[in-house]
Amino acid sequence: MGNHRFDLNSLKAAEEEKEFYRAEELVFSGRLSGDGALLRFCQPYRAVYGMGERFNRVNQKGLTVETEVFEKFCNQGEVSYCPVPFFFTDLGAGVYVDTLTVVRFSFGDHTEIRIRRGSDGKLPQVYLFLGTPGEILGSFSEVTGKPRAVPKWSLGPWMSANRWHTQEETQEQLCLAKKLGFPHTVLVLEAWSDEATFYRFNEHGEWEDPEGLVRELKQEGLRLILWQIPVLKRMDQGESHPVLDEDWAYAQEHGLCIRKKDGTPYHIPEGHWFAGSLLPDFSNPDTVKWWFGKREYLLSMGVDGFKTDGGEFILTDDAVSCDGLSGLELRNAFASRYVQAYAEFIGKDRVLFSRAGYTGQQKMPIQWAGDQMSTWEELGHVLTAGLSIGLSGVPLWGFDIGGFAGSLPEEELYERAVQMAVFVPVMQWHSEPVGGQFAELFPGSKGINDRSPWNLAEFYGDAGLLDRLRFWFRLRMNLLPYLYHQCLLSCESGLPMMRHLVIEYPGDEKVRDDCFMLGDFLVAPVLEKGQRIREVYLPEGEWECLWPVEAQKEDGSLQAGLTRLSGGSTYRIRCVPERIPVFLREGGCIALNLGEGCALGSDVGNSVDRYRQLCFYPSGSEGKYRFRDDLGNEILIRWKDGQAAAERIAGAVDFRILDRIH
């Protein structure tokens, strides 16, 4: 075990190859090559993990991967909104290249890493990590920064749709959520501002009382997040906006935008999102002061964060920033600086919800998976992305339930996506604007493509869907104490909340890419249409079913009503439409906020600053669990042979220890 750092500037032109590290089955070496360096990582690995948010595969072996921030609308394939030049193998070694330039990794039988010099002509530092996956990820976070915790309210259900552009429409959705009994803690507004500057509320009176709306939301237990884009927009031909025109003139006169090497302004190239627009240069302190001076009033109003969309806008090497970086670095640095500037602006008690990013993104939470179609294939893509970004050191991540674009998701797809999202760090439903790029709405949808539970239930004429989905939204609120505690643990360890099983069970070659851990939960989402039998491999140990299952064991025997399964085996689990397989490992414990009857799915409302009933459920014959929350409570639970005891370390909250959950 251990970490090693190498300065590639120590490579000499006369050297054929310099050996940095050698062990029994690992040789790490490098040499100068063209305008950069070529590193060789020689190890007989079977799997390679990391590389940022990857939608195509968790195991990147056999692929060539470039770490370039890149925007692609749906079906992202091999490109990434949030790449990270870091990987580790199943044999206990990992590499991080500390650079902003695009790096090419070729993961063949051995690995070749091609690195370009930066704008200053220098080569970067490279780190070699040795140890288990958990140790490597922990060491990586020591180098790049520990994750930043988020307020507990950001871990409840989120509601969002691009369609809401008036206060009346927004309040209608709030009323429906409350009337139908669907708890939410966050509301995201995308179409809140004018369509020119993107920072001015209520230009045409669509929002009668924005400050009143924020107060109303907080009274109902919701926080407001507003959409942002880092551009000075080019209006369509023949259109203009006086405030935007003033901003363009001021920004150019005072050198506040990214420029080209000849000194002229850089414009987003044609054929790309927001083509022709200028980009604020967030490396310039004057830009930061000017940009956020226009948005300060939003924080004073009570806005609790921003959805920092876009950022994948540097597409040529010709761009330059105030601090001397060129497009070589700005392809990745622009997105990272944009999000970092917003993170510093909002402070620690608010949140960001960002699409684009790069190394260190864990310090500027939260990440979301961008745009996907409402298809079964894309549901698999987002699971892959969530596991990959977690294996790259980013613990807080979420996706758009049921997809963002195209026809409304099939009823079954939406239900399965909700079931998975309950156990993902961020649970959000969202949709593209009416008439969007793939808004192929079915006849009779009345032009409303919201991915809200009530819109889906109305569209499909299935009132029972609301009852089934309501359980999952309330379960999310039940799990909030546990989720917040897991967030704290992730920020301390550098490990993700949503974990690939290779982190917890690194020596087990049977672990799969279609399940994940959330603390002591093992979650097996259903990812195929009509799937009624789901193979699940459980690692060694005893596992308690969160709800009874029917399972076929490896010996072919079939049993129903099972509440416990032994690990080290693969089971064929029957997947009823109302549930997905979820297991709690022995020795684990979950903290729950439960309502009447202490039942899972019981109603506890939207509140995050108090408990209806704080309950602990310990699993297995023996274990220990130390719980902490944001209300000053710290409780140590110990149990053995069916007897549990609690020690109150801090706080005065009442709580119960349950001997069963239902």
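How many residues does helix H11 have, and how far does it reach from its first C-alpha to its last? This is a predicted model, and in it H11, residues 463–478, has 16 residues and reaches 23 Å. At 1.5 Å a residue the expected figure is 22 Å, so the helix comes close to that.

Staying with H11, 12 of its 16 residues are buried, so the helix is largely enclosed by the rest of the structure. The buried set includes Leu-465, Leu-466, Leu-469, Phe-471, Trp-472 and Phe-473. Charged side chains are on the list as well: Arg-470, Arg-474 and Arg-476 are buried. Leu-475, Met-477 and Asn-478 complete the list.

In soluble globular proteins, nonpolar side chains tend to be buried together. Here the largest nonpolar core has 173 residues, and Phe-306, Phe-399, Phe-423 and Phe-521 have the most contacts inside it. Helix H7, residues 327–346, provides the largest share of this core, at 10 residues. Another core lies apart from it, with 27 residues, including Met-51, Val-65, Phe-105 and Leu-123.

What is Phe-306 in contact with, leaving aside its neighbours within four places in sequence? Its partners are Ile-225, Leu-226, Gln-228, Leu-298, Leu-299, Tyr-342, Phe-345, Ile-346, Val-351, Leu-352 and Phe-353.

Helix H3, residues 210–219, is the next element. Its buried residues are Pro-210, Gly-212, Leu-213, Val-214 and Leu-217. After H3 comes Gly-221, with a positive phi near 90°.

A search of the whole structure finds three cavities of 30 Å³ or more. The largest cavity has a volume of about 70 Å³. Which element gives the most to its lining? Helix H8 does, with three residues. H8 spans 376–390, and strand E20, 397–400, also supplies at least two lining residues.

By class, that lining has five nonpolar, five polar and two charged residues. Glu-378 and Asp-400 are the charged ones. Among the others are Gln-372, Met-373, Ser-374, Thr-375, Leu-379 and Val-382. Phe-399 also lines this cavity, and Phe-399 is one of the residues with the most contacts inside the largest core.

Notes. Residues numbered from 1 in each chain as written. Predicted model: local features only at pLDDT ≥ 70, side-chain atom pairs only at ≥ 80, totals over all residues. Heavy atoms only, no water. Core = buried A, V, L, I, M, F, W, Y, C linked by side-chain atoms within 4.5 Å. Buried < 20%, exposed > 50% of the residue type's maximum accessible area, 1.4 Å probe, protein only. Helix = DSSP H or I, 4+ residues; strand = E, 2+ residues; numbered from the N terminus. Contact = heavy atoms within 4.5 Å. 1 Å grid on protein atoms, 1.4 Å probe; cavity = no way out; pocket = protein on both sides within 12 Å on 5 of 7 lines; lining within 4 Å. Points joined across faces, edges and corners; volume = space filled by probe spheres on them.
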